[in-house]
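Please look at the sequence and the structure before reading on.

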Amino acid sequence: MKSLLNAKPQTCCSTHNNISSSSDRIVLVGSPNVGKSVIFNALSDSYAIASNYPGTTVEISKGDGIIGNKKYEIIDTPGSYSLLPITEEERVAQRLFFEKASIYLHVIDAKNLRRMLPHTLQLIEAGKPLILVLNMMDESAERGIRIDAQKLEKMLKIPVIPAVSNKGEGIEELKKTIPEYSSNPQDFTIKYNDDIENAIKDIESNLKENYEVSKRSISQLLLQRDQVAFERTHEKCEDVDAIKDIVSNTENKFNSPINYVMTVERQQLTNSIVNSVMKIKEPYSYNNSKAKESEKYKDNYPNLKKRLDHLVSNPLTGIPILFLVLYFGLYQFVGVFAAGTVVDFLEGVVFGEHLIPWITQNFNSLVPYPLIQSLIVGDYGIVNLALTYAIALILPIVGAFFFVFSIIEDSGYLPRLAMLIDRVFKKIGLSGRAVIPLVLGFGCGTMATMVTRTLEKPREKILTTLLLSLAIPCSAQLGVILGIMSAKPAALLLWVVVMILEFLFIGYIAAKVLPGEKPSFFLEIPSLKVPKLSNVLIKTYSRMQWYFLEVMPLFIIASILIWLGKITGIFGLIIELLKYPTQWIGLPSEAADVFLLGFFRRDFGAAGLYELNKTGVMNGVDMLVAAVTLTLFMPCIAQFMMTLKERGLKIALSMAAFIFPFAFFVGFVVNYIMKILGVTL
Amino acid sequence: MEISENAEEILEKLWICSQERGQSSIELESLNLDKESPEVMELLDMDNIDLNSDSKISLRHEGYFNAKNVVRRHRLAERLLVDVLDKKEGVHKSACEFEHILHDGVDDKVCVLLGHPRTCPHGNPIPKGECCKKGEKEVSSIVQPLSELKLNQKGKIAYFEIQDNEKLQKLMSMGILPGVPVTLVQSYPSFVFDLDQTRYAVDKEMADYIFVRVENK
């Protein structure tokens with residue numbers, strides 16, 4: 001998500017032209033959900049989306065920042081728990097580890113010092129110039145945890161900075177420490193048992209070349225059979241076979257995997273450090289880096305938070321709450337308010353009555369060529385179609401969705417939803433984790449397809465991508481469908497039922513058919529937070545901007561293609577062809593246009609549906625059938641391209657080959673059942 | 001019939017060779033024994049083993065049950081020492097002494113107490129006993145899978161039974177390590193627990209893997 005946002009053109013510091021070399025690079029590392037993105041935003045001029053759930057950063061984001069008169073390149077990495085990566089995202093972070101950087105910032109959640117310090121120790125051992133940021137000090141204060149940062153600093157011999165990054169505390173100190181930091185790689189080693197120590201020394205003696213990390217550190221990675229470390233040593237033509245022999249011999253000495261033995265021993269060292277710097281007493285209020293213990297802790301809402309947490313996590317109350325969130329968030333706000341009131345005003349009044357007639361008139365008098373006129377101001381022209389649809393119809397709906405999504409996201413509700421829904425999702429081959437891309441899919445399927453990266457198993461990724469392409473309508477489509485059908489509640493309800501059945505049915509079948517490992521569910525549940533309005537607005541804005549930049553060119557290209565198609569007659573030919581399946585599922589032939597538009601973008605098709613509805617050629621059943629078919633229809637070009645990128649050509653094409661006939665088939669079945677039962681809507 | 005401790009040691013080695021390493025026989029010489037040794041004579045008398053012409057012994061059907069029992073007792077003893085008594089060094093040696101005491105159903109009681117563990121601390125399988133088949137739970141156990149904890153029950157991670165290296169690594173990297181305090185806070189629809197200061201949700205399968213030494217019984 002992030003890398004796409006980096007295309008942001010306005011940067012406040014871009015006037016400074018010093019080119020940063022790799023030695024002026026600051027790399028942020030740490031577990032998911034510890035506030036790396038917030039610190040990245042505070043230090044650099046770019047914006048990275050920070051969320052209250054793990055795994056938002058799926059790619060590296062880069063930005064520039066001026067700290068103490070010096071320009072730095074700042075890099076935010078996907079969350080990683082240790083030096084030994086498991087997922088692809090973690091490997092992304094690890095590759096950077098083998099490159100040069102002037103400073104590494106290890107950001108940790110202070111209350112979880114015990115869990116996260118082993119990673120810090122590994123980084124120090126690797127000889128990296130390191131600053132440790134103890135973030136979220138307020139939360140640990142709430143739990144009565146006191147950490148003696150100065151003592152920790154002395155023990156680790158690196159700067160330790162307490163912070164509450166989302167309130168800006170500690171950032172100044174960090175900015176002061178960074179330029180003053182003189183990198184002096186020190187002799188810090190984690191001592192393991194003799195067998196491991198001997199193996200490390202043996203591997204070290206086999207490493208002839210120089211690396212950006214200490215040999216001891218690489219040797220440990222090799223000993224744990226780390227893929228990237230082997231790649232690096234192979235590139236440098238080391239004696240990889242000899243190293244592999246040492247590894248196998250050492251493995252035979254232990255009954256448990258080596259990484260388990262090493263992790264347990266590293267934790268023992270960590271425990272001894274943590275026990276001497278961390279005390280748990282009564283809760284207190286944290287402000288600034290020197291915690292004033294005299295200040296009495298104000299117990300204003302932790303209890304309320306606890307109760308609320310219980311309400312959303314318990315299925316008895318959690319499921320009704322989910323429906324309330326869906327009803328108010330999606331139906332009332334996105335459907336009725338944004339797609340109804342706002343769109344009516346923008347499309348009907350602002351564009352329909354004022355802007356378009358004015359542009360058309362002026363343009364026609366300025367450019368007297370009918371061919372160009374039809375391209376710019378014709379019915380399917382750039383102004384009428386691309387600009388109007390994108391700005392007046394799609395943007396308000398998508399914006400409203402992203403606004404709601406950002407609030408939900410920041411509150412920490414999504415992981416709880418994942419936890420509630422895991423059991424049901426297992427039946428369709430998914431884990432609760434998949435709920436995050438699927439919910440995002442209600443906003444933009446393209447963005448959601450990209451976020452499937454946070455899922456662990458390839459099979460789960462494929463299933464989620466398929467369901468996103470097939471049964472999850474994006475917000476633009478959803479908004480338009482809700483808008484049109486809110487006048488016919490029975491048709492709307494049927495549409496929802498058909499979609500849910502589709503989703504479960506296809507999920508169930510696909511889970512049976514697709515080979516591969518079943519997903520297991522494991523998710524961190526962060527504390528509930530009151531969303532900060534500024535953060536919500538900034539997120540909504542940057543997501544809308546991403547969306548707009550993504551959509552606008554496609555809309556314009558579509559307009560041009562349609563214009564070309566029209567003058568060459570291809571457009572008419574395709575529509576003639578599409579009329580067959582359209583009539584076959586019982587729709588008036590004019591609806592063929594809608595499906596053709598749907599090829600370009602799903603929301604585009606939905607917008608076409610909106611136009612068609614205004615002409616009144618369709619009755620309630622027709623609307624239902626059209627809405628069902630269109631929702632199931634091929635994902636838009638952008639989503640298809642993203643599927644292609646993430647899943648590969650073979651899978652993307654097979655999905656398309658399945659979805660296209662299947663959408664018409666379901667439309668046909670729904671129409672048939674309605675006719676048989678004699679239902680009129 | 002009571003089997004001597006030395007004879008039990010032979011049965012144990014035969015079990016490991018035949019069941020876990022796929023070697024059907026052992027040379028007596030490699031055990032520093034010969035066909036005259038009293039423990040060999042004892043087992044031959046009981047028809048528990050066969051002795052072939054080139055001084056190799058192998059397990060007979062009659063000895064299978066006894067051998068399985070010894071291995072089971074030894075590995076249960078190891079679990080008991082590590083998980084309950086928190087012994088860190090010399091586990092194997094102590095277990096060798098311990099295994100001979102766990103006779104006459106005491107092994108089943110220990111097994112129930114430990115929550116029917118499937119592997120010893122070294123990761124080798126513990127043969128199932130009658131109690132495991134019945135899934136007995138009468139003696140409320142000290143070490144239980146996370147999935148069997150009561151709400152708000154506290155404990156410390158004892159060990160996990162995962163063969164899949166990737167899953168094991170995942171658990172470790174998230175800080176699920178022996179000795180870390182846990183509290184179960186919710187068990188439906190998913191298992192939610194506080195691990196030190198972090199809350200996690202896992203499915204039933206994962207919660208079955210993680211074994212916890214329960215506190216404040």
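## Model and chain B

The model is predicted. Chain B has 217 residues, and 43% of them count as buried. Its secondary structure consists of 8 helices and 9 strands. Along the principal axes, the C-alpha atoms of chain B fill a box of roughly 65 × 35 × 30 Å. Of the contacts in chain B with a separation of 6 or more, 61% are between residues 24 or more positions apart.

## Helix H5 of chain B

Helix H5 of chain B covers residues 106-113. Which of its residues are buried? They are Asp107(B), Asp108(B), Val110(B), Cys111(B) and Val112(B). The cover over these buried residues includes helix H3 (61-84) and helix H6 (130-134) of chain B. After H5(B) comes Gly115(B), which has a positive phi, near 80°.

## Contact between chains A and B

Chain A puts 30 residues into the contact, and chain B puts in 29 residues. On the side of chain A that touches chain B, at least two residues each come from helix H4 (113-125), helix H12 (258-277), helix H17 (413-427) and strand S9 (522-525). H12(A) gives the most to this side, with 5 residues. By residue class, the side of chain A that touches chain B has 13 nonpolar, 10 polar and 7 charged residues.

Strand pairing also links the two chains. S9(A) pairs with strand S8 of chain B (residues 198-202) in the antiparallel sense, over 4 bridges. Within this pairing, Leu523(A) stands opposite Ala201(B) in S8(B).

Pro473(A) sits in the loop between helix H20 (458-470) and helix H21 (475-485) of chain A.

Leaving out residues up to four places away in sequence, Pro473(A) touches Leu478(A), Ile481(A) and Thr631(A). Phe633(A) is 160 residues from Pro473(A) in sequence, but their C-alpha atoms are 9.6 Å apart in space.

Conventions:
Residues are numbered from 1 along each chain as its sequence is written. Chains are lettered from A and ligands numbered from 1 in the order in which they are written. This is a predicted model: local features need pLDDT of at least 70, side-chain atom pairs count only at pLDDT 80 or more; totals for chains, interfaces and linings use all residues. Two residues are in contact if their C-beta atoms, placed from the backbone, lie within 7 Å. Ala, Val, Leu, Ile, Met, Phe, Trp, Tyr, Cys and Pro count as nonpolar, Asp, Glu, Lys and Arg as charged, and the others, Gly among them, as polar. Two strands pair if DSSP finds at least two bridges between them. A residue is buried if 20 or more other C-beta atoms lie within 10 Å of its own, exposed if 12 or fewer, and partly exposed in between; C-beta atoms are placed from the backbone.
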